Amino acid sequence: MHFRFRDIFQELIRRVPVFRSLKAYIFVLMLVIGVVPSIILRIGILEGYEERAVSLRISEVTTQYRIIADHLLNYNYLQDTSSDVVNAELEQMSNLYDGRVLIINGNFRVIKDTYAISEGKTMISEEVIQCFKGESVSRYDSTNGYIEMTIPIVETVEKDDQTTSRIRGVILASTSTDSIAATLEILSRRALILEIVMAILILGIVLFFSHILITPFNRVTKAINEVKDGYTDKEISVPDYLETEHIVEAFNQLLGRMRVINDSRQEFVANVSHELKTPMTSVKVLADSLNQQPDAPVELYREFMQDITEEIERENKIINDLLTLVKMDKTEAELEVQPVDINALLEATLKRLRPIARARDIEMTFESNRPVTAEVDELKMSQIFTNLVENAVKYNKEHGWVKVRLDADHQFFTVEVADSGIGIKQEDYDHIFERFYRVDKSHSREIGGTGLGLSITRSAVLLHRGSIKVSSVEGEGTVFTVKIPLSYMKAGGVV
Ligand code: ADP
């Protein structure tokens, strides 16, 4: 039951937008803070007034009847009720306080009733008995609008220098509290009017302020919308609150990131166009020069055609690499993960590349500390190894060496590809992983590089949640270190 109520409440909040509005919360909060104290104040003041008025009335009436009690004894009224003076006094009191007066003697008999209803009857109520014991009692009945009170008729006798007092009878009097009620109503009406005026005023102020307070957030939305709609791509600024500043800061950072992505995409497109155009230009130049020499010897034709074929092959390689890179940029859903024997994969890679190494008399060795099996995409892993080992051969010296080392701990396996080649300058460490970046363009082109190999390698490593590092000494050699988790972890998985 409890849970169902909470569910309904949550659903309500979700469905009705105003329940999720900060402006509405501020509005309600300020209204409550403004109006509730005035209600409490009204109730408190009115109740305080009533209490005070009733107690004043009781003490006033009691004093009056104490005087009358003395008169009753002086006129011996308890024995003989015929005294006109006392009767007139009692009548006057009854009229003045708009209430009834009963005089009860020591036998609990009512000897006088200003309403002349109970005369002669016996009255043994709790209040009367208490009063005979010396306790004056008063009771306020707010529903019927009167106060009832008992006043003892005390006789003091002086005998042998000693004063003794005896309660001879009781005055049971009531007084109407209509005048208190009337004042109370006037006051309460006035308080209510004041309260309504205050509530209207507070409502106005609250409406104004809840609007003002929320405005910076609307400004944030407006500024973001302007960027979204493409009117501006400048950084936005809403420094009104710390909170808006934080939102805007985060947005600006996002904007910055998007700008970098956009710039790099534009640069990539420009690079692609340039890279694809280069072989085409060469082909055109070769073909044109043949066309301009109608009687060129067949050998020249053969030679130029050979060059044209090479350029086309290069174009093909660039396109293939580009396709691989584009595929790699997609999500990891594309990964076909399965347990792969890494030792065997590295050995196969080295075997495939051995002929080109042998052509330059480069010695290739493979060293493994243990058999390693890992959950990886075999094709992509093979691409990583091929690119690294191929680069180690390509950017090597004649009679050099390439050493591949495999190791693993309980979490990762590490492949190290070291060579005795030309090396890489430290300032180029980061750049070599960029698309189309080549340290020495002409040299790389000469040996068939596209500048995409390491970019592909790094993407593949990152898809496997691994890392790739480079360290090199110029002119002495380079070491690439790849570290890959043994078991594949999907994005968002707990590390
Ligand atoms: P490429 O197709 O030109 O080889 P890569 O992306 O594979 O492109 O490499 C980028 C650049 O990094 C290369 O052009 C080369 O200058 C440098 N490089 C890569 N591997 C090595 C290495 N083992 N030794 C020296 N330089 C290297």
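Visitor: Why is Arg 100 called partly exposed?

Guide: Buried means under 20% relative accessible area, exposed over 50%, and partly exposed in between (1.4 Å probe, protein chains only). Arg 100 has a relative accessible area of 23%, so it is partly exposed. The model is predicted: local features need pLDDT of at least 70, side-chain atom pairs count only at pLDDT 80 or more, and totals for chains, interfaces and linings use all residues. Residues are numbered from 1 along each chain as its sequence is written, and side-chain values use heavy atoms, with hydrogens and water left out.

Visitor: What makes Asp 113 buried?

Guide: The relative accessible area of Asp 113 is 1%, and Asp 113 therefore counts as buried.

Visitor: How do you know that Asp 113 forms a salt bridge with Arg 100?

Guide: A salt bridge requires a side-chain nitrogen of Lys or Arg within 4 Å of a carboxyl oxygen of Asp or Glu. For Asp 113 and Arg 100 the closest N and O atoms are 2.7 Å apart. The pair links distant parts of the chain, with Asp 113 in strand β2 and Arg 100 in the loop between α3 and β1, 13 residues apart. Helices (H or I, at least four residues) and strands (E, at least two) are DSSP runs, numbered from the N terminus.

Visitor: What makes Arg 139 and Glu 127 a salt bridge?

Guide: Their closest N and O atoms are 3.6 Å apart. Arg 139 lies in strand β3 (residues 138-141) and Glu 127 in helix α4 (residues 126-132), so the pair ties together parts that are 12 residues apart in sequence. Arg 139 has 35% relative accessibility and therefore counts as partly exposed.

Visitor: How many salt bridges does this rule give?

Guide: The count comes to 18.

Visitor: How do you know that the span of helix α3 agrees with what it should be?

Guide: The expected span of a helix is 1.5 Å times one less than its number of residues. The 13 residues of α3 (residues 84-96) should span 18 Å, and its end C-alpha atoms are 18 Å apart, which agrees.

Visitor: Which residues of α3 are buried, and what puts them on the same side?

Guide: Val 86, Asn 87, Glu 89, Leu 90, Met 93 and Ser 94 are buried in α3. They cover an arc of only 160° around the axis, which puts them on the same side of α3; the arc is that of the directions from the helix axis to the C-beta atoms. The face turned away from the buried side carries the exposed residues Asp 84, Gln 92, Asn 95 and Leu 96.
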